[in-house]
Amino acid sequence: MASAGAPAHPYRVSGFTRARRDFRAWRRTRPFWAGLLVLLAAAPIIYFPYFNLSLGALSVAMSTTAGAGSLVIGLTLIVLGGLLWFQPIIRFFAGCVAVFLGVLSLPISNFGGFFVGTLLAATGGLLALAWGPVEGHPEGIADGAEGPSAAVGRAGGEGE
């Protein structure tokens with residue numbers, strides 16, 4: 001009993017929903033959150049050495065002679081964050097370098113962007129080191145529970 005005026009595809013997927021699903025599929029195939037944290041770590045590391053605050057006639061300048069070092073560290077973190085997103089095969093190298101640069105920014109860039117940049121770079125680098133690509137569904141394993149506890153449950157008794 002189909003209505004004559006009903007559309008052919010009543011639950012048509014909109015463009016936004018399709019884009020969201022495509023982005024989710026893309027995000028799950030790479031260390032997305034690690035790359036995002038490494039990219040965010042670059043902002044305070046680059047910003048604070050060039051920071052100037054004016055309060056009326058009082059001017060507070062945070063700029064140091066290490067501004068060039070902060071810029072190099074921040075730009076390298078931006079490149080590493082992009083590499084984590086678009087070249088996930090080098091996640092181990094990029095994660096190690098991100099942690100190293102986060103710690104290196106402590107003495108060079110105003111305590112690593114007042115510890116914010118250091119914490120973000122170290123967390124993102126460690127997430128990149130911990131991430132691994134998901135293999136497909138392994139052959140020979142039935143759907144449902146896996147591991148030694150599943151064998152006990154199927155046998156119906158205690159372990160051997």
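Start with the aromatic rings of this predicted model, where ring centres lying within 6.5 Å of each other make a pair, and where the count comes to 8 aromatic pairs. Select W26 and F86 to see one of them: the ring centres are 5.9 Å apart and the planes meet at 45°, so the pair is tilted. Follow the chain between these two residues and you will find that the pair links distant parts of it, since W26 sits in helix α1 (residues 15-27) and F86 in helix α3, 60 residues apart. Is each of the two buried, partly exposed or exposed? W26 has a relative accessibility of 26% and counts as partly exposed, while F86, with a relative accessible area of 53%, is exposed.

Next, select F32 and W85, whose rings are stacked, with 5.2 Å from centre to centre and 5° between the planes. This pair also links distant parts of the chain, with F32 in helix α2 and W85 in helix α3, 53 residues apart. Buried means under 20% relative accessible area, so F32 at 10% counts as buried, and W85 at 16% does as well. Now show F23, W26, F32, W33, W85 and F86 together, because these residues form one aromatic cluster.

Then centre the view on L101, which touches I73, T76, L77 and L80 when residues up to four places away in sequence are not counted.

Now select α6, a helix of 15 residues that reaches 21 Å from its first C-alpha to its last, close to the 21 Å expected at 1.5 Å a residue. Which of its residues are buried? They are G117, T118, A121, G124, G125 and A128, and if you look down the axis of α6 you will see the buried residues fall within an arc of 145°, so they line one face of the helix. The cover over them includes α2, α3, α4 and α5 (110-114), whereas the face turned away from the buried side carries the exposed residues L119 and A130.

Finally, show the whole protein, which has 7 helices and 2 strands and follows the pattern α-α-β-β-α-α-α-α-α along the sequence. Buried residues make up 26% of its 160 residues.

Conventions: Residues numbered from 1 in each chain as written. Predicted model: local features only at pLDDT ≥ 70, side-chain atom pairs only at ≥ 80, totals over all residues. Heavy atoms only, no water. Helix = DSSP H or I, 4+ residues; strand = E, 2+ residues; numbered from the N terminus. Buried < 20%, exposed > 50% of the residue type's maximum accessible area, 1.4 Å probe, protein only. Contact = heavy atoms within 4.5 Å. Expected span 1.5 Å × (residues − 1). Arc of directions from axis to C-beta. Phe/Tyr/Trp six-rings, centres within 6.5 Å; stacked < 30°, edge-to-face > 60°.
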